[in-house]
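Thanks for making time this morning. I have one structure to go through, and I will take it a piece at a time.

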Amino acid sequence: MKDAAPSMVLLSEYRAPAWRVEHLDLRFDLDPSQTRVESRIRVRRAEGSQPGVALRLHGQDLELLRLEVDGNEPQPSDVVNDDDGLLLVGLPDTAEITLETRIRPEANTALEGLYVSGGSLCTQCEAEGFRRITYFPDRPDVLTRYRVRLEADAARYPVLLANGNRVDAGPLPGGRHFAVWEDPFPKPSYLFALVAGDLACVSDRFTTRSGREVALEVYVEHHNRERCDHALASLKRAMSYDEEAFGREYDLDVYMIVAVDDFNMGAMENKGLNLFNAKYVLASPDTATDDDYVHIESVIAHEYFHNWSGNRVTCRDWFQLSLKEGLTVFRDQEFTTDCTLFGVKRIDDVQRLRAFQFPEDAGPLAHPVRPDRYAEINNFYTMTVYEKGAEVIRMLRTLIGREAFRRGLDLYFERFDGQAVTTDDFVDVMGEVSERDLGLFLRWYTQAGTPRVTARTRFDAQTGVLQVDLVQHTLPTPGQDEKHPVHIPVRLALFGGDGRRLAAQMVDAPEAAEWVLDLTAERQSFRLQGLREAPAAVSWLRGFSAPVVLDAGQGTEELAHLVAFDDDAFARWDAAQTLLRRAVIARVEAAADESLESALTTAVAALLEDSLVDPVLLAALLELPSHRELMESFAQADPVSVDQARRAVEKAVFAPLAERLVARTPDRKRWDDGAFTAEAMGQRRLLNRLLALRVAVGAEDALAEAEGQYREARSQTLAMGALAAVNESTDPVRGELLADFERRYRNDPLVLDKWFALEAGSQVGDGFARLQRLLEHPGFRWSNPNRVRAVLGPFMAQNHRHFHQADGAGYQRIAGYVEHLDTLNPQTAARLAQPLTRWRRLDPARSAQMHAALEQLAAKDLSRDLDDVVARALAR
């Protein structure tokens, strides 16, 4: 099935559409084996385009049954049928084009376009799935109003849904029925959606601030109707928050969410009809962990916030993807911070950024937030576009201030409502309202790579002046050898020996206790004056003010001071992470730094004794940097040795504190209630972390405590916490508890995914034999992305001993699985292949083995999605 070498799509070659679509009527005769689609497209030649210019109608895997232009069949010479679809030439300036196509949803395992999930028919059209449904100018800058008529068997598909508002419905002969939906807002084709199925509806209502009543409807399989309460509550909180924090109100009569089992992504913001991976909708305390609850709330909010940042104002082309995704991630992060996780949400986001986006920025798949080229757009739904894009938005708010940023957002939505625009348009608005030149800031969108910042300070006791010297540089990335300075906001504070913040004064600024330094050149110096004592510690990048790697040259004593006293949750956590990272690096490169590890033990002991430390923050402070993040500390490294060093540091630091870990453990029975509150979730998070530490260091009775926690757990959070704690234990209790969990939940796919992940990620025993058993388990399906990700993802990310086995067997197995998956679902295959692209960061022997596995894949008949990833990974 290998496609011809795909042509590169270039931003520099963007041209506005030569034709405008004035209206689209769609009629579906729905059937899983063969669905007939009739479309009527009213087009008008765009002003400024040449008379007689051809009209491109994109199409893929379609059977064309009928084509008419203004009611007549066109001449064969006026129609070109090629790999991209249809090209119509010789059209009048206005025309109505009628097409009838046949598609086969049951055979669509790629899960793009119209496909079958469970007993339902559903769609996924972003980025280019609509062309798998009918011929159309399938590009985001072609917006029009849709009228959709759905017809189907009434018994098999009693629920018929599409975008907008339902305007008509009724029975048809032969046991069939119909529904008609109209969307009053113009939208691009990637936001089209339909669902047909036998689904339960759980409903509620929301009253907007202007007094409009909106029906809220969540559609799920009937046996899941009791697990929708949290999703509905999250939706209502998000709607209220968007009104209060961003001034955005919902605009249709109904807001619908449909949960489906088979979905390539997390969810899709189709106007008025959101389709969700079921894992981001369904929850109850006995089946979902606290993390699941938080993720559901976050994804529900993210898709709802897209109603304005993505739907009402959309992106002109796919190079501008971060215009909607980066902004919307920023908005959902603010929501979760303000409503649920408070201080530690920022820490969680930075952990994810460092573990996934920083490596992406340093690898062969690196690209700017706004790419300038792509071969396959599906491969650019990345951490860079989403999470780094959100960091760019956050920096922009820091630079111009919250009040100007809010005014800028209001103007952006007002000025561009109903339009498809660019990141330049967004930044221009922010520059306009703030009266600041943001030209240099735009470089964050166009330059790939993570900037490195070196910071040093010098204090003059006689003058009371602290000089801050900053240097920035960014390493070369594919296609960008030459790098330039970017605008980096560096937020900092100073702490005295007694742990209090020190006040000082910047030149021509009032006295303050926190500052934002605007680093805009390769080298810059700043002066803080009026200090009455030498700072004991500098708190850098407070709140993670910029997505950079910082080298501040701070010693153990200074970092320990920040761990004890810093009042910024991120900076305090980051100081602890820096110390722990150094301890692991020392063990990898030479030998244990006993002095550093002893200092860490002392610092942790003080934290455990400090009752003022919030439990959720304490849990974060006790976490070691992830293996993925640690690997980025080395040009090349043996991943198994890094894992062993990480575990050795954990044991060395925490083993002397076994009794303190027990003393600080929250009351399990009190907090095992599944309550979705910040306090309860924080206590459970700390409880699980302390249990994991006790098991890891071999504390007496720790395994018995874990078994007791699992067997007595009322919440899935504590049950999973116990299983995770014992998952690397060779004690028989591990197998017993995991077997019990599988028996309990073998008929609940979303919960069973947790078991798949634990088993695949464990390094205990024969990991290859266990992996094969998982793939042969009755609950595993290659056609379901959740199942595949639950098995292969943890095997590559956590099972270092087997995935990185020295003979390359792990790499060969994964390459074989990815090749097989590519024949079914190219999108998912391309994403799962990405760990194989990191071959340059491994020790030479493993690097050669992983490279060989990639070379073997490259010789196969691959999809365009997978071929693009493999080719970029192997490029010199």
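I will start with the term that the accessibility figures need: a residue is buried under 20% relative accessible area, exposed over 50%, and partly exposed in between. Please keep in mind throughout that this is a predicted model.

Cysteines come first. A disulfide is a covalent bond between the sulfur atoms of two cysteines. How many disulfides does the model have by the distance rule? The count is 0. Take Cys 201, which is in no disulfide: the nearest cysteine sulfur belongs to Cys 228 and is 9.1 Å away. The cut-off for a pair of sulfur atoms is 2.5 Å. Cys 201 has 29% relative accessibility, so it counts as partly exposed. Cys 315 is in no disulfide either, and the nearest cysteine sulfur, that of Cys 125, is 14 Å away. Is Cys 315 buried or exposed? Its relative accessible area is 0%, so Cys 315 is buried.

Next, the backbone. Most residues other than glycine have a negative phi, and most peptide bonds are trans. Which two residues are joined by a cis peptide bond here? They are Glu 126 and Ala 127, with omega at about 5 degrees. Ala 127 sits in the loop that runs between β10 (120–124) and β11 (144–153).

Two residues to look at for phi are Asp 70 and Leu 541. Asp 70 is not a glycine, yet its phi is positive, about 55 degrees. You will find Asp 70 in the loop between β5 (63–69) and β6 (79–82). With 42% relative accessibility, Asp 70 is partly exposed. Leu 541, also not a glycine, has a positive phi of about 55 degrees. Its loop lies between β31 (537–539) and β32 (549–551). Leu 541 has a relative accessibility of 3%, so it counts as buried.

His 302 belongs to helix α2, residues 290–305. At 8% relative accessibility, His 302 is buried. What does His 302 contact, leaving aside neighbours within four places in sequence? The contacts are Glu 325, Thr 328, Val 329, Asp 332 and Tyr 386. For a sense of distance, Ser 49 is 253 residues from His 302 in sequence and 37 Å from it in space, C-alpha to C-alpha.

Thr 423 is in helix α7, which covers residues 423–434. A relative accessible area of 1% makes Thr 423 buried. Not counting residues up to four places away in sequence, Thr 423 touches Gln 320, Leu 323, Arg 370 and Tyr 445.

On to helix packing. Two packed helices are described by the angle between their axes and the distance between the axes.

Helix α1 (residues 229–246) packs with helix α6 (residues 402–416) at about 110 degrees, and the axes are 11 Å apart. That angle makes α1 roughly perpendicular to α6. From α1, the residues in contact are Glu 244, Ala 245 and Phe 246, and they meet Arg 406, Leu 409 and Asp 410 of α6. By class, this contact has 3 nonpolar, no polar and 3 charged residues.

Helix α18 (residues 702–712) has as its buried residues Ala 702, Ala 706, Gly 708, Gln 709 and Tyr 710. They pack against α16 (668–671), α17 (678–696), α19 (716–726) and α20 (732–745).

Further along are helices α22 (residues 767–775) and α23 (residues 785–798), whose axes come within 10 Å and cross at roughly 165 degrees. The two are therefore roughly antiparallel. The crossing is left-handed. On the α22 side the contact uses Gly 767, Phe 768, Leu 771, Leu 774 and Leu 775, and on the α23 side Val 791, Leu 792 and Phe 795. That comes to 7 nonpolar, 1 polar and no charged residues.

α23 also packs with helix α25 (residues 809–822), at about 155 degrees and with the axes 12 Å apart. So α23 is roughly antiparallel to α25. This crossing, too, is left-handed. Val 788, Leu 792, Phe 795 and Met 796 of α23 make the contact with Ile 814, Tyr 817 and Leu 821 of α25. Here the residues divide into 7 nonpolar, no polar and no charged.

That is what I have.

How values were computed: Residues numbered from 1 in each chain as written. Predicted model: local features only at pLDDT ≥ 70, side-chain atom pairs only at ≥ 80, totals over all residues. Heavy atoms only, no water. Buried < 20%, exposed > 50% of the residue type's maximum accessible area, 1.4 Å probe, protein only. Axes fitted to C-alpha atoms, helices over the stretch in contact; angles between N-to-C directions. Helix = DSSP H or I, 4+ residues; strand = E, 2+ residues; numbered from the N terminus. Parallel < 35°, antiparallel > 145°, perpendicular 65-115°, else oblique. Contact = heavy atoms within 4.5 Å. Nonpolar A, V, L, I, M, F, W, Y, C, P; charged D, E, K, R; others polar. Left-handed = near helix turned anticlockwise from the far one by under 90°.
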